[in-house]
Amino acid sequence: MGLPTDARTHRSPYALVRMTDTRTIRSYLESLVEEATRAAVAAGDLPDIALPGPALERPKDPANGDFASTLPLRLARAAMRPPIEIANAIAKHVPADPVIERPHVAAPGFINFTLSAGFLQQQVEHIIAAGPEYADPDIGQGRSAQVEFVSANPTGPLHVGNGRGAAIGDALANALEAAGYRVEREYYINDAGTQTDYFAETLYARYQQAFGRDVALPPDGYPGTYMVELAEEVKARHGDGFLRPPGEPVPPELAELGIELMVDRIRRTLENFGVRYDRWYSEKSLYEPGGAYERAMAILRENGMLVERDGALWFASSELGEDKDNVVVRSDGRPTYYASDIAYHWDKFVRRGFHLVIDVWGADHHGHVSRLKTATKAVGADPDALHILLYQLVTLKRGGEVVRLSKRSGEIITLDELIDEVGSDAARFFFLLRSPGAQMDFDLDLAVRQSSENPVFYVQYAHARLCSILERAREQGLGPEGGDVSLLTAPHELALVREMMRLTDVIELVATRFEPQHLPHYAQELATAFHAFNDAFKQQNDPSLKVITEDQRLSRARLRLVLAARIALARVLALMGMSAPERM
């Protein structure tokens, strides 16, 4: 077992090494079950059979303890014994350990574990000592990970759907960092394609119109009023410097400037949303001499994976299990978006060497997932290290009615407008609340409601109350320093500790299954545990049953619990990219 234990005694170093050990209490208890099972086999209490992993789960009913092992149920067929008999045999060999009470066997074959009060009390000290890094599981062990998200075409402002992708990608990046990965956040700028050509043509048309020319918008152009504003900005900065004789094509300098201005606008929107990137990666850079495009295509060609057909160049993906081949170079010589993606992911995995790559895409890219994984393998990377997370659309509602257009512009609602109306904290929380793969309704009225019905208010208000208790204690000359946590024995006190301890499991879940929705749900559960702790004192007439009492020793102990709860709640808020207000 990784953690040393003086078996069959009442000594365990777990509480002492908890601050530096990378394993959670769950894995520690799993090691106890595994040891006990092997001891039962060695003693002849169980037959010598292959043992599956002793995975633990949390019982739905807290009365059944903090963790339960289902190992006896899974051993019953191979051992040819009733699960309850196997459970008793294993439980008998679990060594006495101050981390837990004696295990309890329950029908039909569960082994239930309850954490000891002494262990729970010591976790308060662990949380305070860990501070902002509390609950970080070292899953990544310093390996590199890249999260690419939003990456909207730089042809218009970000909309609400892009905001959902931003919240998901940033929260995932935060969780991966907490889990021990070296994370790079990246925005892929689609600045080399047909859409950017349409954008440039539209901008030039609007620019000419600003000087009084009667010019029609291109058929596939962008009619939004933001293009008028962009043209006016170019005119204000550069005058008529980009005007060409009527009928001439778009000046290349104007096309580049337009993309630059739009990317800058996107950057400001995301920074206002609390999202900052380590790198903004230009699609054009893929096509530089000796660049990623040339290298990736050379690899496919060397491996016989490129074939010419109908004047175009095809990736023979059907030979690798896809249902059809895919065009990478059109008959007119222009690379497809697929070719760009192949080159881009070769650059991610091979040139830059990321161990883990996560792409956060809109659900409309669903058909692209399989073929990109196939291409990733074909250029020499590990397709299992590529994870593509698809998120569904967002429906805004106000007063129960769907809101489709902006009141301000009569056009699509932008992320900037949403932030102005509800704030970035509320937007992030609501975007994360549902599984990425589920369509979501965003209740604009609820997001700004100042009541416990609003989950954002409910969670942030809990943090503000925690800060208020500590501040009020300071005013009375009290603080958490020197508090004796062994005085924390009330059920509502230990229940709060139990909830705080779950954060490590939550971070691990998000970082391994890429499911950021667990963060807001946990935040609500932790806030509920604190409110229950705080309200428990109000329901008692005994003056000693308050956080701050005449007993200074007890007060300081409870203030340490309050401080630990504030640290844990601030931690999960930070993982979601939200603020932790001290007053509300």
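The model is predicted: local features need pLDDT of at least 70, side-chain atom pairs count only at pLDDT 80 or more, and totals for chains, interfaces and linings use all residues. Residues are numbered from 1 along each chain as its sequence is written, and side-chain values use heavy atoms, with hydrogens and water left out.

The protein chain has 20 helices and 15 strands; helices (H or I, at least four residues) and strands (E, at least two) are DSSP runs, numbered from the N terminus. Of its 584 residues, 53% are buried. Buried means under 20% relative accessible area, exposed over 50%, and partly exposed in between, with a 1.4 Å probe and protein chains only.

**Overall chain**

- Taken along the principal axes, the C-alpha atoms fill a box of roughly 90 × 65 × 40 Å.
- Among contacts between residues at least 6 apart in sequence, 70% join residues at least 24 apart; contact means heavy atoms within 4.5 Å.

**Helices α7 and α9**

- Helix α7 (residues 194-209) packs on helix α9 (residues 252-272) at an angle of about 100°, and their axes are 9 Å apart.
- Axes are lines fitted to C-alpha atoms, for helices over the stretch in contact, and angles run from 0 to 180 degrees between N-to-C directions.
- The angle makes α7 roughly perpendicular to α9; angles under 35 degrees count as roughly parallel, over 145 as roughly antiparallel, 65 to 115 as roughly perpendicular and the rest as oblique.
- From α7, Thr-196, Phe-199, Ala-200, Leu-203, Tyr-204 and Tyr-207 take part, and they meet Leu-254, Ala-255, Gly-258, Ile-259 and Met-262 of α9.
- The contact of α7 with α9 has 9 nonpolar, 2 polar and no charged residues. In this scheme Ala, Val, Leu, Ile, Met, Phe, Trp, Tyr, Cys and Pro count as nonpolar, Asp, Glu, Lys and Arg as charged, and the others, Gly among them, as polar.

**Helices α17 and α20**

- The axes of α17 and helix α20 (residues 552-575) come within 10 Å and cross at roughly 25°, which makes α17 roughly parallel to α20.
- The crossing of α17 and α20 is left-handed, meaning that the near helix is turned anticlockwise from the far one by less than a right angle; clockwise would be right-handed.
- Glu-493, Leu-496, Val-497 and Met-500 of α17 make the contact with Arg-558, Leu-561, Ala-564, Ala-565 and Ala-568 of α20.
- By class, the contact of α17 with α20 has 7 nonpolar, no polar and 2 charged residues.
- Glu-499 also belongs to helix α17 (residues 491-501), and counts as buried at 15% relative accessibility.
- Not counting residues up to four places away in sequence, Glu-499 touches Tyr-522, Glu-525, Leu-526 and Ala-529.

- Helix α10 (residues 292-302) has Ala-292, Tyr-293, Ala-296, Met-297 and Leu-300 as buried residues.
- The buried residues of α10 pack against β8 (306-309), β9 (312-315), β10 (326-329), α11 (337-351) and α12 (369-378).
- Exposed residues Arg-301 and Glu-302 are carried on the face of α10 turned away from its buried side.
- After α10 comes Gly-304, with a positive phi near 70°.
- In helix α18 (residues 503-513), Leu-503, Thr-504, Asp-505, Val-506, Ile-507, Val-510 and Ala-511 are buried.

**Backbone exceptions**

- Most residues other than glycine have a negative phi, and most peptide bonds are trans.
- Phe-514, which follows α18, has a positive phi near 55°.
- Met-80 has a positive phi near 55°; Met-80 lies in the loop between α3 (71-79) and α4 (83-92) and is exposed at 74% relative accessibility.
- Gln-141 has a positive phi near 50°; Gln-141 sits in the loop between α5 (117-130) and β5 (144-149) and is exposed, with a relative accessible area of 60%.
- The peptide bond from Ala-107 to Pro-108 is cis, with omega near 0°, and Pro-108 is in the loop between β3 (104-106) and β4 (110-113).

**Pro-223**

- Pro-223 is in the loop between α7 and α8 (225-238) and is exposed, with a relative accessible area of 62%.
- Leaving aside neighbours within four places in sequence, Pro-223 is in contact with Arg-206 and Leu-217.
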